[in-house]
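Welcome, and thanks for opening the viewer. Please take a moment to get your selection tool ready, then follow along stop by stop.

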Amino acid sequence: MREELDLFHRLSEILLNEEEKQPVIAPIAADALFETLDLSLPQEPMVAKHFEHSLKELVLSTPRTATRLFFNQLFGGRQPIATLGDLLAVLLNNSMYTYKVAGPQVGVEKAILRSICDLVGYDSNSDGTFAPGGSMSNFMALLMARDRKVAGIRKEGVQQRLTLYTSEASHYSTDKNASFAGVGRQQVRHIATDEYGVMRVDALKAAIEEDVRAGHTPFFINATAGTTVLGAYDPIEALIELVETYDLWLHVDGAYCGAVIFSEHYKYLVNGLHRADSFCVNAHKMLGTPLSSSILVVKNKEHLYHSFATEADYLYQTDADEYNLGKTSLQCGRRNDALKLWTLWKAKGTSGLAAMVDHQFALADTARKYIRENDAYTLYSFDDSVSICFNYKDIPAKTLCTQLYEHGEIMVGYGRFRESEFIRLVTINATNTHEDILHFFKRLESFVEQHQEALLAGSTKGG
């Protein structure tokens with residue numbers, strides 16, 4: 001094991017040095033991948049130095065998601081203390097389904113869940129679990145809502161037309177999860193949004209009433225705290241009346257921006273969250289832990305047990321259900337995704353996590369200010385969002401983002417809202433500085449100045 005740790009240390013040093021020198025690398029074309037790198041699996045063991053060379057080439061050819069020029073997805077950066085926690089979780093290799101095999105690591109997870117519930121405003125009857133990503137957190141919420149609405153559905157299956165509601169700007173997982181749950185994609189109502197990407201309550205009310213008149217059974221509203229493109233927040237408080245009138249489950253998908261619960265300055269964006277039935281947040285987004293660390297909490301823990309607990313004598317042999325976390329989990333065997341968040345939270349404190357969140361909004365303010373002060377840019381997004389959507393010199397966003405990527409300059413994505421397509425810069429990396437944000441724009445402008453003729457020609461050809 002010590003030899004492997006020495007190798008890990010050498011490779012880590014090389015990678016960190018290369019990240020400093022070259023934050024973005026030109027990609028290997030997908031159709032040339034297996035000709036460029038030796039990814040084959042040999043019949044016989046490799047010589048150690050050849051193995052190290054192959055591993056080094058693989059590591060150095062992988063997209064660098066932790067650097068100051070990665071703005072492509074809703075995660076990025078590297079919080080060193082959280083990385084330490086993840087490395088220790090791998091080394092310990094506990095499965096989190098029983099106290100017998102996880103021991104105090106169960107306490108780590110329970111401490112996080114209790115603290116998240118407290119931040120949301122839930123009482124002592126609440127609880128939660130770690131799921132393998134935001135999509136599965138949303139799926140678990142949908143299953144609990146389905147099971148609460150229809151008695152016996154877990155045994156008898158879906159036998160009526162259940163309908164659920166989410167904004168047209170929400171994450172695609174709702175459609176997928178409706179299929180998984182046996183409800184069906186056709187029963188998902190995509191509710192219109194306003195000009196900021198916020199779900200319109202009047203349109204939601206009309207859709208629910210139409211389904212009731214048609215004899216359907218509405219059961220679930222998926223609200224979003226940070227839509228994937230504009231970073232919009234649905235109005236939780238305004239949804240409560242509909243929830244109570246029609247006996248609906250309200251889930252708040254805060255996978256992207258739910259970490260505003262840590263911030264005294266920005267938690268108003270999720271006012272009313274304590275009245276929602278469930279809530280999820282991804283620590284690997286705004287809190288910067290390594291992938292993945294997705295938390296689901298529920299106001300009434302009985303729903304977790306009702307939907308997910310199954311007896312297994314070969315597994316649950318000691319300790320109370322409260323400490324056998326498999327009883328409230330979607331999975332059986334489950335890696336320890338809590339320790340990396342615990343090490344970060346323990347080291348920085350709640351105030352430190354709040355500072356990280358506030359800093360990301362400050363970086364977004366810096367980006368919007370720069371765009372507003374430069375006539376060559378067009379801004380599409382709004383304040384109080386860590387998604388900054390813009391275009392530069394009328395160059396099509398898809399063309400510019402693709403060329404920046406292929407030339408190894410910047411990794412940034414593009415998005416669409418209604419009829420507009422634009423570059424989407426996300427200030428999700430709390431290790432970035434204000435200078436890094438300004439450097440992003442200067443690097444983009446320099447690239448366009450060097451390649452403007454080709455960019456315009458390429459966009460004309462593509463059109």
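**Stop 1: the largest pocket**

The largest pocket holds about 1,300 Å³ of space. Select Phe-8, Leu-15, Arg-78, Thr-83 and Leu-87: of the 36 residues that line this pocket, these are the closest to its centre. On a 1 Å grid over the protein atoms alone, a pocket is an open set of points with protein on both sides within 12 Å along at least five of seven lines, whereas a cavity is a set where a 1.4 Å probe fits but cannot get out; lining residues have an atom within 4 Å of a point. Grid points are joined across faces, edges and corners, and a volume is the space filled by probe spheres set on the points.

Before moving on, please note that this is a predicted model, in which local features need pLDDT of at least 70 and side-chain atom pairs count only at pLDDT 80 or more, while totals for chains, interfaces and linings use all residues. Residues are numbered from 1 along each chain as its sequence is written, and side-chain values use heavy atoms, leaving out hydrogens and water.

Which helix gives the most to the lining of the largest pocket? Colour α1 to see the answer, as α1 supplies 10 residues. Helices (H or I, at least four residues) and strands (E, at least two) are DSSP runs, numbered from the N terminus.

**Stop 2**

A salt bridge is a side-chain nitrogen of Lys or Arg within 4 Å of a carboxyl oxygen of Asp or Glu.

Next, select Glu-19 and Arg-78, whose side chains meet in a salt bridge (3.0 Å, N to O). Glu-19 lies in helix α1 and Arg-78 in the loop between β1 and α4, so the pair ties together parts that are 59 residues apart in sequence. Is Glu-19 buried or exposed? At 9% relative accessibility, Glu-19 counts as buried, while Arg-78, at 31%, is partly exposed. Here buried means under 20% relative accessible area, exposed over 50%, and partly exposed in between (1.4 Å probe, protein chains only).

**Stop 3: the largest cavity**

How many cavities of 30 Å³ or more does a search of the whole structure find? The search finds 1. To locate the largest cavity, select Lys-110, Leu-113, Asp-127, Gly-128, Tyr-305, Glu-322, Leu-325 and Thr-328, which line it. The volume of this cavity is about 30 Å³. Both α6 (104–120) and β2 (127–131) supply at least two residues of its lining.

**Stop 4**

Most residues other than glycine have a negative phi, and most peptide bonds are trans. With that in mind, zoom to Leu-291 and Ser-292, which are joined by a cis peptide bond with omega about -15°. Ser-292 lies in the loop between β7 and β8.

Look for Asp-247 in the loop between α11 and β6. Finish at Arg-418, where phi is also positive, near 55°. Arg-418 sits in the loop between β11 and β12 and is exposed, with a relative accessible area of 51%.
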